[in-house]
Amino acid sequence: MRPVQLADIEMAARVLLAHDPGDRVGIMVGLLRKADIADRYRKKTGKRHRSFGCGTLMSAAAGYRQAGRPAQIGPETLSALRVVIEGLLADRSDQDL
């Protein structure tokens, strides 16, 4: 997966907000997997992956239903952001092994 920017984190959280809380961890795992697949494809071919984008978390999230941008950061948004951050931390720790 390409380096993560703040916009990637926001977009992933908006995807999670559009889904049931019980589904969010699985969706986040899928986003990370798709971003990784797309980045590997981009490095190998020099082209975007047709379904998963260019290897950013944002481009992987583009294929999912998304909630609108929240007007304020409430408990539900913080919960979604937590799933994103924990997913990124777990993904990074797996790569460091």
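Begin by selecting D39 together with M1, R2, C54 and G55: leaving aside neighbours within four places in sequence, D39 is in contact with these residues, where contact means heavy atoms within 4.5 Å. D39 belongs to helix α2; helices here are DSSP runs of H or I of at least four residues, strands are runs of E of at least two, and both are numbered from the N terminus. Is D39 buried or exposed? D39 counts as buried because its relative accessibility is 2%. Buried means under 20% relative accessible area, exposed means over 50%, and partly exposed lies in between, with a 1.4 Å probe and protein chains only.

Before continuing, please note how the model is to be read. It is a predicted model, in which local features need pLDDT of at least 70 and side-chain atom pairs count only at pLDDT 80 or more, while totals for chains, interfaces and linings use all residues. Residues are numbered from 1 along each chain as its sequence is written, and side-chain values use heavy atoms, with hydrogens and water left out.

Next, select R48, in the loop between α2 (24-45) and α3 (57-61). R48 counts as exposed because its relative accessibility is 54%. Now display Y41, G53, C54 and S59, which R48 touches when residues up to four places away in sequence are not counted.

Move to D8, which lies in helix α1. With 5% relative accessibility, D8 counts as buried. Its contacts, apart from neighbours within four places in sequence, are P3, T56, L57 and M58. For a distance to check in the viewer, pick K43: from C-alpha to C-alpha, D8 and K43 are 20 Å apart, and 35 residues separate them in sequence.

Then select all of α1 (residues 6-17) and α2, whose axes are 10 Å apart and which pack at an angle of about 140°. Axes are lines fitted to C-alpha atoms, for helices over the stretch in contact, and angles run from 0 to 180 degrees between N-to-C directions. The two helices, α1 and α2, are therefore oblique to each other; angles under 35 degrees count as roughly parallel, over 145 as roughly antiparallel, 65 to 115 as roughly perpendicular, and the rest as oblique.

Which residues make this contact? On α1 they are A12, V15, L16 and L17, and on α2 they are R24, I27, M28 and L31.

**The loop between α3 and α4**

Select R65, found in the loop between α3 and α4 (75-96). R65 counts as exposed, at 53% relative accessibility. Without residues up to four places away in sequence, R65 touches V15, A18 and H19. R65 and A18 are 47 residues apart in sequence, but 6.4 Å apart in space, C-alpha to C-alpha.

**The whole chain**

Finally, show the entire chain, which has four helices and zero strands. Of its 97 residues, 41% count as buried. The C-alpha atoms fill a box of roughly 40 × 30 × 20 Å, taken along the principal axes. Among contacts with a separation of 6 or more, 71% are between residues 24 or more positions apart.
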